[in-house]
Amino acid sequence: MQKLLDVLASGIHDSKNQLFLAESLVAAYENQHQADLGEVRFAIENAASRLSRSLAAYRLLRDGAQLAIVPVIIADLVDEVALAQRAHLSKQGLRLALDCPVVDAWPLDRDLIADLLNNAIQNACRYARQQIRLSARLDHEILILRVDDDGPGFAQLPPASGIGLLLAERIASLHQHQGRCGQLLLGNDSPLGGAWLELRLPT
Amino acid sequence: MIDYSKRRFLVIDDQAQARDALRAIAQTIGAFSVEFAANYQDAIYRIRNNTPDVILCDYLLGEGRSGQQLLEELRRFNLLPDESVFMMVTGEQSYEQVVSAVELVPDDYIIKPFSPDKLLLRLDRIAQRKAFFGSYYREKRRQNYAQALAILETKKQSEAGRPYRFEILRQQAEVLLASGETTQAEQAYRQILDQHAFPWAKAGIARSLHAQNRQSEARAAIDDVVRDTPHFFDAADLKAKICMAQGEHATAQAVLDEVSRKTPRNYLRKRLLAEAATLNGDSATARTMMADVISNDSMPGAIAPADRLALARSHLQAGDKLSTEQLLLGLRDSEVQNFTLDDQASYAALLALCVPEKGRARFSGLRPALLDTALSTPARIDVIRAALGLNDPKLADKHAAQLMAGDEAKKIFGNLRALYALHGREVDFRELQKQAALQRIHHEETPPAA
């Protein structure tokens, strides 16, 4: 099993290096010609994220999976997700609102959580009418990261479980603190009128 | 917003295309001066000669080297000021596992592919953090540890310090450890562990306990870290040091042998492996390792007299007097005269053992100094070996008694006993051991002076 994982990881690593070459060429072209090829770069980064997500799913859905926990400044995490998504959303006519009153750093797996939030916003983007909101707050020693939209909501709750959702639930539950596990919650009664997704991490 | 056109960038990657890609991204955010390093040596050379403001370094550098190893060497040899930015660039998600575990971390890491905007965001944040810690870096560099700790304490209490609370705690623990405040360092690491069980903080506790000579507790702590994070190689080094302090030389050697295979170009680790092998009586491995270190460790100024003496010692231990002689007599007199007393003692002792007619006079000349001075442990062992061989029991017993009474007694006990046995003096050694034990009990019963 480990050998198969190594083969997959190596192939994905090579592909991501190639995608980075592509993105750097696009960036250099934009720089020289004052062009905006943000959507091309967005597609390249999306392809890389999906590769990473597949590998993460394979790795994390097995027993004995380990996260890579580092202290993360929550406002920085929110800004970074916004940076990755905002231009693409605005091309779709959607606005991304941010609300992050959390000042401190918290221990979490930065890349997995960022990917989870990016993916949640991408899903919301398919249904939202005008607005998506990404927020972070603390509630009784729980860090809550939340994505709201103003779309029609999930057709059914719980929604049909795809790999993204399965992985998100696993990532949540692997974040543990003093015997408490993280949780992933979904609902349809967002103040914006549509669906919401909440990642609740014990701190 | 920072003007990156005035900052000097260094891109380190063994692949030409990848270097071009990183340069293109750096230029997009405004960089004007972007230098390249195609390999490890080239990188060290450029960093030493003209320290860059921003280093973008790929994790995989080829030839058995990694960006992580480069970073560790730069930090250990103080080649990189805290003000310079070291950003690890990687397509390997496995690097996240490394960076979340180890003690020596880059300022940040970024996973390929990434946009110029994302790099800019990350670099701006690092700049903010470095500005926040600026006054602390200056005091730390001057080794004004008390002042550095006072600055950190003030920062910890400040509102602006809230996003950096883990970094502040980590720096406090490291400074306490570096300044020898090992009990306080242990407390600081425990405070971090209350927040999250970071492997580097557990290793910090093991390091603090090791420095306090609380070896069994240190061992229990480090065993956990090595088991849970096998890619945290420095933890394996620390485990080996603790094992050696406990006298478990075979375990130390096995641990180092395993990680050394995974990091074939890490010469500090090979030195440690040679030390463990020597203590373990495996002179063949010790010779191979030290010969490799001396021929291949190309860090400038890395080969110290102690390295040549370690190789000479392992030749001698293997019974190869000819190689020992060649190596020792190959050292220039002017060089030997500039040795520290520890190295001079080892040199004279080893020479006296392999070529008595040439070495005996030098060793006798040093004898008054050797009788009166506290030497390093390897030098003491060399002196004891030579003194026993030259029938000078007074000199041998004096150093043996001091070693047995010291913190490293368990580490060298087996070797000393074997040396005494070789000269038919087991009974005398047992007496030395008894005296040291009595002295220890007496010392422990004496209340500390008020």
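**Figure 1. Glu80(A) counts as buried, with a relative accessibility of 10%.** In this predicted model, Glu80(A) takes part in a salt bridge with Arg122(B), and the closest N and O atoms are 2.6 Å apart. The pair crosses between chains: Arg122(B) belongs to helix 5 (residues 116–141) of chain B, and Glu80(A) to helix 3 (residues 74–91) of chain A. Arg122(B), at 1% relative accessibility, also counts as buried, since the cut-off for this class is under 20%.

Figure 2. Arg133(A) is partly exposed, with a relative accessible area of 25%, whereas Asp148(A) is buried, with a value of 0%.

**Figure 3. Arg425(B) and Asp397(B) form a salt bridge in chain B.** The side chains of the two residues meet at 3.0 Å, N to O. Arg425(B) is found in the loop between helix 22 (409–422) and helix 23 (426–445), and Asp397(B) in helix 21 (residues 393–405); the pair therefore ties together parts of chain B that are 28 residues apart in sequence. Arg425(B) is buried, with a relative accessible area of 15%, while Asp397(B) is partly exposed, at 21%.

**Figure 4. A salt-bridge network includes residues of chains A and B.** Salt bridges that share partners join Asp76(A), Glu80(A) and Arg110(A) with Asp108(B), Arg122(B) and Arg125(B) into one network. A search of the whole structure finds 57 salt bridges over all chains.

**Figure 5. Strand 6 (residues 85–90) of chain B is largely enclosed by the rest of the structure.** This description applies because six of the six residues of the strand are buried. In a regular strand the side chains alternate between the two faces of the sheet. Both faces of strand 6 of chain B are covered: Val85(B), Met87(B) and Val89(B) are buried on one side, and Phe86(B), Met88(B) and Thr90(B) are buried on the other.

**Figure 6. Strand 6 of chain B pairs in the parallel sense with strand 3 and with strand 7.** The pairing with strand 3 (residues 54–58) of chain B runs over five bridges, and Val54(B) stands opposite Val85(B) in strand 6. The pairing with strand 7 (residues 108–111) of chain B runs over four bridges; here Met87(B) stands opposite Asp108(B) in strand 7. Together with helix 4 (residues 94–101) of chain B, strand 6 and strand 7 make a right-handed β-α-β unit.

**Figure 7. Leu61(A), Ile163(A) and Leu166(A) make a nonpolar surface patch.** The patch covers about 260 Å². Ile163(A) lies in helix 5 (residues 163–174) of chain A and is exposed, with a relative accessible area of 54%.

**Figure 8. Thr285(B) is buried in helix 14 of chain B.** The helix spans residues 283–296, and the relative accessible area of Thr285(B) is 18%. When residues up to four places away in sequence are not counted, Thr285(B) touches Gln253(B) and Ala277(B).

Key:
Residues numbered from 1 in each chain as written. Chains lettered and ligands numbered in written order. Predicted model: local features only at pLDDT ≥ 70, side-chain atom pairs only at ≥ 80, totals over all residues. Heavy atoms only, no water. Buried < 20%, exposed > 50% of the residue type's maximum accessible area, 1.4 Å probe, protein only. Helix = DSSP H or I, 4+ residues; strand = E, 2+ residues; numbered from the N terminus. Pairing = 2+ DSSP bridges. Right-handed = clockwise from strand over helix to strand, strands pointing away. Patch = residues over 30% accessible without salt bridge, like charges linked within 9 Å, V, L, I, M, F, W, Y side chains within 5 Å. Areas by Shrake-Rupley, 256 points an atom, 1.4 Å probe, with all protein chains shown as cover. Salt bridge = Lys/Arg side-chain N within 4 Å of Asp/Glu carboxyl O. Contact = heavy atoms within 4.5 Å.
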